[in-house]
Amino acid sequence: MYEQGSTPNGDSTDRGRRGFLGAAALAATSLMAVTGAAAAPAHAARPASGTGAPARHRSQVTAAITQTGHRRLGRLKVSSIGLGTQTMPGNLYGPVTSRKDMVALIRTAVGQGVTFFDTAEAYGPFESERIVGDALQPVRDDVVIASKFGWDIDPDTGARNGLNSRPDHIRRAVDGMLRRLRTDHIDLLYQHRVDPTVPIEDVADTVKDLIAQGKVLHWGLSEPGLQTIRRAHAIQPLTAIQNEYSTLWRGPEEQVLPLCEELGIGFVCWAPLGMGFTTGTMSPYTRFAEDDRRTAFPRNSRDNLAANMPLVQLLQDWAVRKGATPAQIDLAWLLAQKPWIVPIPSTTRLSHLLENIGAEEVRFSPDELQELNAAVARITIHGDRLPPEALAMTGVEAPTR
């Protein structure tokens, strides 16, 4: 989901971000020079010419915000913070600068230490996978690519015709993914949403066959029901569950996270910045553009935006306290919850990418984490996280075989 890729129409409350983003903007001028070429390794960032910033200064800025940490989702090793690419086709929350810039952004992320990239056939549809494939093909062996199947998408028109996780459709979908991603395997393959007409055992058996063929290395589920997790895991061990999770939406804490811990399954957070809300860039006066899909989300109504502002204020207070930004506090809070939790914030802006991976440097003492957890828990969030039709597709239990 979208995190910081495009600023909504209306007033902005960028307090706490300006200092960081000023430095990040300086780095951006040099880093965008990687457009059209594979990014250099993090320890040897490619110098740029004609950027107007001294090379020594640029290297100091970029080195300070290069990600070095890694985590494990089951047996899969990934960077502590990944990169979501759902917004890169430019049809979710408004247009992007260019496809070329999105390819460059992904390659720059690699150079800054990001190894985990998340996409899906439904994003675009198909175009996000193509962007990821073009960007990562030169460094394919150094990165982890996750994608998702589960929708019945017309290959010609891109129209969605509901869910489809029948075995034959999964196989065709994966072959299409491999072509678009320009690779011979998918590191982590998710079922995007549980198909209420197909037993999860049939899905797990199909993925197990794909793993045996080498087309898939690991698999996971997105927004599934609890019993579906257990049943899928019994057939082919799951590597990760992907659900929405942030200080704005803490639903997984009640049952999903304990189940992941019990079964040894990693957890990947989509919308780890509340679709931009916890970055501090929204206010009660924010109005979204007509082509911004967040307009349909109940928690983004005028009244609910105002009612949820105490969370933004809390994150801003902690940002001042820790010398960070509100977005970094939210991401660092997620990282502090469990060592097998990995957020994948989406963005289409280099300055925000650098800001996000900089969250790795924010640390909480045990007392600070207890204090922050208690403060977050005291805040009531108003409005559903998704539109009714999308919410109905979460937590679904697959039928029995």
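Close-up 1. W318 is buried, because its relative accessibility is 4% and buried means under 20% relative accessible area (1.4 Å probe, protein chains only). Distant parts of the chain are linked here, since W318 belongs to helix α10 (residues 309–322) and F364 to the loop between α12 (350–357) and α13 (366–377), 46 residues apart. Helices (H or I, at least four residues) and strands (E, at least two) are DSSP runs, numbered from the N terminus. The model is predicted, with local features needing pLDDT of at least 70 and side-chain atom pairs counting only at pLDDT 80 or more, whereas totals for chains, interfaces and linings use all residues. Residues are numbered from 1 along each chain as its sequence is written, and side-chain values use heavy atoms, with hydrogens and water left out.

**Close-up 2. The ring cluster of Y245, F267 and W333.** Ring pairs join Y245, F267 and W333 into a cluster. The planes of Y245 and W333 meet at 55° with the ring centres 5.6 Å apart, so this pair is tilted. Y245 lies in the loop between β10 (240–244) and α8 (256–263), and W333, 88 residues away, in helix α11 (residues 326–337). Y245 is buried at a relative accessible area of 0%, and W333 is buried at 0% relative accessibility.

**Close-up 3. Surroundings of F267 in the largest nonpolar core.** The largest nonpolar core has 87 residues, and F267 is one of those with the most contacts inside it; such a core is a set of buried Ala, Val, Leu, Ile, Met, Phe, Trp, Tyr and Cys residues joined through side-chain atoms within 4.5 Å. Leaving aside residues up to four places away in sequence, F267 touches, among others, L73, I241, Y245, C260 and W340, where contact means heavy atoms within 4.5 Å.

**Close-up 4. Helix α6 and its buried residues.** Helix α6 (residues 200–213) includes the buried residues I200, V203, V207 and L210. The buried residues of α6 pack against β5 (144–149), α5 (167–181), β8 (186–191), β9 (216–222) and α7 (226–235). After α6 comes G214, with a positive phi near 85°.

Terms used: Buried means under 20% relative accessible area, exposed over 50%, partly exposed in between (1.4 Å probe, protein chains only). Rings of Phe, Tyr and Trp (its six-membered ring) pair if their centres lie within 6.5 Å; planes under 30 degrees apart count as stacked, over 60 as edge-to-face and the rest as tilted.
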